[in-house]
Amino acid sequence: MSKFDVCALGELLIDFTENGISSQGNPVMEANPGGAPCNVLAMLSNLGYKTSFIGKIGNDIFGRQLKQAVSEAGIDVSGIAVDNSVNTTLAFVHTLPDGDREFSFYRNPGADMMLSENEVNEEYIKNSRIFHYGSLSMTNRICEAATKKAIAIAEKNEVLCSFDPNLRENLWSSIEEAKEKIIFGLEHCDILKISDNEIQWLTGEKNLNNAVQKLKQQYNIPLIFLSCGKNGSMAFSESSSAFSPVIPVKTVETTGAGDTFCGCVLGEILRRGFKDFSNVELTEILHFANAAAAIITTKKGALRVMPKLGDINKLLGKETKQDSCI
């Protein structure tokens with residue numbers, strides 16, 4: 001029996017988000033714990049799943065804050081390594097009028113980039129049902145080697161691989177390198193979560209259906225989930241496809257929306273089993289994930305404020321007496 005439902009590897013950082021203006025007219029920044037892989041795990045933990053994280057933080061105040069926040073989110077932190085010479089990665093997030101964001105990263109290097117192969121514990125991955133990873137853990141040779149080792153362990157032990165490219169162009173030495181590493185991620189995943197702008201950039205196809213079919217043909221990915229921001233989301237299994245519109249809410253910012261969506265998708269796959277989903281099943285999964293993503297956009301931050309199952313069902317107009325979907 002698996003010890004964990006999902007193990008993830010990747011970046012763990014502080015997102016400094018705008019939270020008002022000081023009496024002197026300066027922007028006030030709130031230090032929110034973040035990093036896409038851990039955001040996904042936090043959502044899964046809120047749904048009652050057992051999760052673990054493999055990554056690296058600095059031996060500094062932000063690293064200690066992150067480890068505490070991750071632990072409080074119900075995620076196993078024993079796979080987190082500490083770097084005594086490189087500081088914890090920081091990101092400053094500027095919120096645009098429509099709720100979208102611009103990022104400025106302090107990561108040259110950041111501690112998350114220093115995760116080495118020998119700091120990847122095989123037991124966490126082989127004893128999980130799903131291994132989740134992104135592309136930012138392949139932005140330099142040290143963490144790239146660690147990521148590739150982890151993927152190899154998952155494949156050897158028949159653990160499902162989930163991939164979210166989470167493209168951040170300013171963290172790559174070149175856009176060509178980003179594409180090369182993302183293609184590697186596509187070649188090894190069973191479940192892909194990708195955004196509309198990422199798939200259009202990657203395939204050169206403006207039509208989203210054509211872009212998905214191109215990826216399916218090239219990489220033979222069984223399940224693809226496509227987030228399209230305010231235009232809803234799409235899903236593709238081996239024999240079916242589905243679309244679900246967004247659920248209207250008053251958006252504050254969109255930080256963590258894609259990660260929340262991804263966490264709910266993985267939770268539904270764990271609950272229903274990995275299979276060739278029908279149109280009805282894909283639609284249900286998308287509707288649930290869209291509701292959770294909508295909720296997170298009404299809040300600032302991500303990891304600490306992931307929605308609970310009751311919050312999601314309330315938005316969906318349902319009633320539940322349980323706190324877990326298991």
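The chain folds into ten helices and 13 strands, where helices (H or I, at least four residues) and strands (E, at least two) are DSSP runs numbered from the N terminus. Its radius of gyration is 18 Å, close to the 20 Å that the globule rule gives for 326 residues, so the chain is as compact as a globular protein of that length; the radius is taken over C-alpha atoms, and the rule is 2.2 Å times the number of residues to the power 0.38. This is a predicted model, in which local features need pLDDT of at least 70 and side-chain atom pairs count only at pLDDT 80 or more, while totals for chains, interfaces and linings use all residues. Residues are numbered from 1 along each chain as its sequence is written, and side-chain values use heavy atoms, with hydrogens and water left out.

Along its principal axes, the C-alpha trace spans about 50 × 50 × 45 Å. Buried residues make up 57% of the 326 residues, where buried means under 20% relative accessible area, exposed over 50%, and partly exposed in between (1.4 Å probe, protein chains only). Of the contacts with a separation of 6 or more, 71% are between residues 24 or more positions apart, a contact being heavy atoms within 4.5 Å.

Helix α5 (residues 175–187) has 13 residues and reaches 18 Å from its first C-alpha to its last, close to the 18 Å expected at 1.5 Å a residue; that expected span is 1.5 Å times one less than the number of residues. Among the buried residues of α5 are Glu 177, Ala 178, Lys 181 and Ile 182. An α-helix has 3.6 residues a turn, so residues three or four places apart point the same way. The buried residues of α5 pack against several elements, including β8 (128–134), α4 (141–156) and α7 (208–219).

Glu 238 and Asn 313 are 75 residues apart in sequence and lie 28 Å apart in space, C-alpha to C-alpha.
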